Amino acid sequence: MDKGKKMKESETVLNDGDDYNCWWWLVQKGTAVTFVTIALFGFLIRVAVSTYPYSGAGNPPKFGDYEAQRHWMEITINLPIREWYRNSSSNDLSYWGLDYPPLTAYQSFVHGLFLRFFHPDSVSLFASRGHESYLGKLLMRWTVLSSDALIFFPSVLYFVTVYYNKPGRIRKSDVAWHIALLLLNPCLILIDHGHFQFNCISLGFTIGAVAAILSEKDLVACVFYCLSLNHKQMSAYFAPAFFSHLMGKCLRRKHPLLQVLKLGLYVLGTFAAVWWPYLYSTNSILEVLSRLAPFERGLFEDYVANFWCATSVLIKWKRLLTTDSLKLVSFTATIITCLPSMVQQIKSPSNRGFLYALLNSSFSFYLFSFQVHEKSILLPLLPASLLAMEDPSTFKWFVQFAMLSMFPLLCRDDLAAPYFALLALFTLIFNAPGQHIVKENNFLYHYLGTRTMNFILCFSAILHIVYLTMHPPEKYPFLFEAIIMNLCFSQFVLITLGSNIKQWMLNKPVKLEIEKKHN
Amino acid sequence: MGKPKLSSKQDHNSCSPKTTIWWFYLVSACVKVLLFPSYHSTDFEVHRNWLALTHSLPLSQWYFDNTSPWTLDYPPFFAYFERFLSFFASLIDPKIVHLQEGLNYSSNTVVYFQGVTVVLSDLSLLYGVYGLTRNMDLRKQKLIWSLVIWSPMLFIVDHVHFQYNGFLIGILLISLSYLEEGRDLMGGFVFAALLCFKHLFAVAAPVYFVYLLRHYCWGGVLRGSSRLLIMGGTVASVFAVAFGPFFYLGQIEQVIRRLFPFGRGLCHAYWAPNFWVFYIMSDKGLAFMLRKLGVDIKTPAASFTAGLVGDSSPFSILPQISPIVTFIMVLLALSPCLLKAWKNPQPRRISRWIVYAYTCGFLFGWHVHEKASLHFVIPLSIVAAQTPEDARHYFLLSIVSCYSLFPLLFEAQEYPIKVLLLLLHSILMWSGFSAQFNDGTETARVPTGYTKKKLDQFGSKGSSNAALKRRGFALGWIERIYLVGLVVVEIWGQLLHPLLLGDKLAFAPLMLISIYCAFGIMYSWIWQLRSIVISV
């Protein structure tokens, strides 16, 4: 909490117009109290969402992500560590085999112990397949809730402390507003506490890494980022940004090679620590690695708002090209699209530019890489929420379409009610009465104009209703999904174009300032 | 969904009080929607059954139907209200309103439908609290709105446990807001209507009677008696609309029998934290001591939660309590307040008197339910931000009474919800009251009617910071110890008791909560009584 106090001192406090603010009293006692209050509220929302059904509830034989996570707990606490990733008579990898890096396995192990202590039946080997019970659900929900409280929330506090620890005019209510947006991200809450996953852990580590970079602690950032990467390989979406930013920074130091070596050592050290049990032979490493690369699953899954899925309406990629060439094509497309932001960061690494680079690189992965899931939109959403203060309206636009892109998935999980409640809550927090919204040049306006934006919003609202109430024509059973995905894809492309341009524009005003100083 | 409000502005984002209060309401509505799938008590089925019976039976059978054990035992207006809701229910899912097939129906449609009706009926609360805070300054308004609209007790009782208290208390607040404005006739009318929704609100009727008599009907024989006639006529016509049809059908006796089931015992299954807890405990204690001393004391056969079985008394030593005794005790406790209302009927004190009346009813009433504490905690929040003393009292009272509702949600899934609700409420109150009272300059900058008067009395007009600080919001050491004790009681009940004693004395943690909270409520009663007696 003393971090909060420090922050209070370094802030230039602005209180004008507080009478109109909904939470005027919350910001009176300093950021620590503000954070605790919002965190309690965010936690309440998460607990409430967790009362809703999880993915695959009562849906044998495969169930869903909930069963996957439970199964991993069952495997990890009952089998020796070396057999976790190995197909055997007691570990059928075709039934939700572990396909995340070791840190997820360790986390499953710890949570498995927790479950076994209170409810042994829910994690007993073999017998617990498809286990569903009141207590089982509750304990599983609490594992996610506790991970959120232990990793995601402190990371957000760390980030906010660092991000607002700069001289300048900072309105306290703006800090509160930003904390609320970070902690009440509707997509993350729905996926983690509704659908059931542990994104809060890997995303929490990523936020920690970002905050460490913003506070110039590059080595800590490396450790955090490696942990994130070792929890979910999807965190590699951020790799280009981290790589290029750190690279750019190192090149600016006195001994670039030494710096790179130091960073490399930390990365290797963290990886070695996490992978220690599998380092005894190359074979076992490859065994785990092969589990992590799900190439057999195809170019994309279900309906995801990325380039391959959106264009597959016209071009049947899967029929046109072999899996191997698709891998190559998608890899090249990803690299090419995130190259500009990488170059910018290597050329002139800056904190703001780094946040934009995170957004851009994760977007290019989401839009162009191989095997993308609709849940992966959480990754671009994270840097966007960190940047919420920069351009609030674009962030809001993004959240709305990120939500829409997951709507079919959440409907399948019976989560339509919390979907609308959380979307409404987000809109309310965003438009809190009395909240000052700083106007930045809003590029969406330049491109689209108010009328088009309103039209798109109405259209998406109608899509929600149509999807819920109407049956698609028999000839095109996935018509609505396809429309939703194409709409979201178009908006995502606009957003990432805008943020790429913004990142490149960052160089300009800095130059101007320097010129002014010289004059 | 997303309003097209992308035009970000530098100036304040629309901030009229009306927008703000809607914002408060909508935020709470979102949380309420999220709570839909949580645990529901039997009250959920009670209200579903009422939907079914009012929909499928003619009026003449409403109070006779026995299909479900949950018979209709609210006054006619509430039955009409259920009839109104059942129209929509039948459109959505006819099974909800089916008398036999709908029994214990618990599909998503009925859960969502009933949940939505509670959320929407809370609009009366919104209207009531807006009426009462219309003329306050912006900051205090928001503080009070957060106390009322985000009240954790309403979340627990209405939206998890399931009832329509927000709606009913909203009507009470509307009535109070009319009285505070001086529109006595409307106030009386709304209160009469409230009584026809839920008769348990009648505890405040003596206060209403005395106040309206003195404030509205006094002054001159002619003017007074004509006003008395108008008021009497209004109230009578409300009751006529409610009970008339049943009177016409000759069922009034049956209706009364349903409304007042005196067959129930002195206490509810879980003892509400009131005076009778002390009474029972001292009886037990005395019996125990006398038995130790060798006196032969028979263990009572009857229990005080069940009805009166024959003549056997549930008490070993202390005298038997009958409904009449509790009635007289409530009236006695009310008398100082009635006297004040008679001597000087001021509109600005009426809220406090009504709150006091419900506190008395809660403390000394017959078969009081712990949920009844809502009746005084919610209206009290209207005056909670007037002085630091009020704030301190309200802070303690609302935490204690919210805590006393904890046993209502006994399942593990809701445990974090109730704890988080209470914590959030406490921290909001604490930071809100501190910001309101400890910030000397702020208080001096925006003094409103009442605070200003108080400030003037203390001669701190010059606003010497020290003087204001002294009067700021801070808890005394007794209050602090008491609140820490609350945490200890909770830890004991949740953790230590099951660990140390296992299944033995399983009732003890609940009893402990009752007794401990009863101290808090007693304190609140004495505090209120004192403040009413010393008020001018």
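This is a predicted model: local features need pLDDT of at least 70, side-chain atom pairs count only at pLDDT 80 or more; totals for chains, interfaces and linings use all residues.
Student: Let's begin with chain B. How many helices and how many strands does chain B have?
Tutor: Happy to start there! Chain B has 536 residues, of which 57% count as buried. Its secondary structure comes to zero strands and 23 helices.

Student: In chain B, what share of the contacts between residues at least 6 apart in sequence join residues at least 24 apart?
Tutor: Good one to look up. Among the contacts in chain B between residues at least 6 apart, the share that join residues at least 24 apart is 77%.

Student: How are α3(B) and α11(B) oriented to each other?
Tutor: Two packed helices are described by the distance between their axes and the angle between those axes. For α3 (residues 76–92) and α11 (residues 221–248) of chain B, the axes come within 9 Å and cross at roughly 75°. Angles of 65 to 115 degrees count as roughly perpendicular. The two helices α3(B) and α11(B) are therefore roughly perpendicular.

Student: Which class of residue makes the contact of α3(B) with α11(B)?
Tutor: On the α3(B) side you will find P76(B), F77(B) and Y80(B). From α11(B) come V238(B), V241(B), A242(B), F243(B), P245(B) and F246(B). The contact has no charged and no polar residues, and nine that are nonpolar.

Student: Is α5(B) mostly covered or mostly open, and how many of its residues are buried?
Tutor: Helix α5 spans residues 123–133 of chain B and is mostly covered. Among its buried residues are L125(B), L126(B), V129(B) and Y130(B). The cover includes α1, α4, α6, α7, α8 and α16 of chain B. Of the eleven residues in α5(B), the number buried is nine.

Student: How many residues of α17(B) are buried?
Tutor: This helix runs over residues 388–404 of chain B and reaches 24 Å from its first C-alpha to its last, close to the 24 Å expected. It is mostly covered, and of its 17 residues the number buried is 15.

Student: Does Q346(B) count as buried or exposed?
Tutor: Look in the loop between α14 and α15 of chain B, where Q346(B) is found. Not counting residues up to four places away in sequence, Q346(B) touches Y211(B), W353(B) and V536(B). Buried means under 20% relative accessible area. Since its relative accessibility is 17%, Q346(B) counts as buried.

Student: Now chain A. How far apart in space are A388(A) and L182(A), C-alpha to C-alpha?
Tutor: A388(A) sits in the loop between α17 and α18 of chain A, and at 0% relative accessibility it counts as buried. Leaving out residues up to four places away in sequence, A388(A) touches H178(A), L181(A) and F395(A). A388(A) and L182(A) are 206 residues apart in sequence, and their C-alpha distance is 8.6 Å.

Student: How are α15(A) and α16(A) oriented to each other?
Tutor: The axes of α15 (residues 323–347) and α16 (residues 351–368) of chain A come within 8 Å and cross at roughly 170°. Their contact has six nonpolar, ten polar and no charged residues. Angles over 145 degrees count as roughly antiparallel. The helices α15(A) and α16(A) are therefore roughly antiparallel.

Student: What percentage of residues 476–498 of chain A is helix?
Tutor: The UniProt record, an unreviewed entry, lists 476–498 among the places with the feature "transmembrane region" in chain A. The end C-alpha atoms of this span lie 34 Å apart.

Definitions and conventions: Residues are numbered from 1 along each chain as its sequence is written. Chains are lettered from A and ligands numbered from 1 in the order in which they are written. Side-chain values use heavy atoms; hydrogens and water are left out. UniProt positions are given in the numbering used here, feature names are shortened, and annotations may be inferred rather than shown by experiment. Helices (H or I, at least four residues) and strands (E, at least two) are DSSP runs, numbered from the N terminus. Axes are lines fitted to C-alpha atoms, for helices over the stretch in contact, and angles run from 0 to 180 degrees between N-to-C directions. Angles under 35 degrees count as roughly parallel, over 145 as roughly antiparallel, 65 to 115 as roughly perpendicular and the rest as oblique. Contact means heavy atoms within 4.5 Å. Ala, Val, Leu, Ile, Met, Phe, Trp, Tyr, Cys and Pro count as nonpolar, Asp, Glu, Lys and Arg as charged, and the others, Gly among them, as polar. The expected span of a helix is 1.5 Å times one less than its number of residues. Buried means under 20% relative accessible area, exposed over 50%, partly exposed in between (1.4 Å probe, protein chains only).
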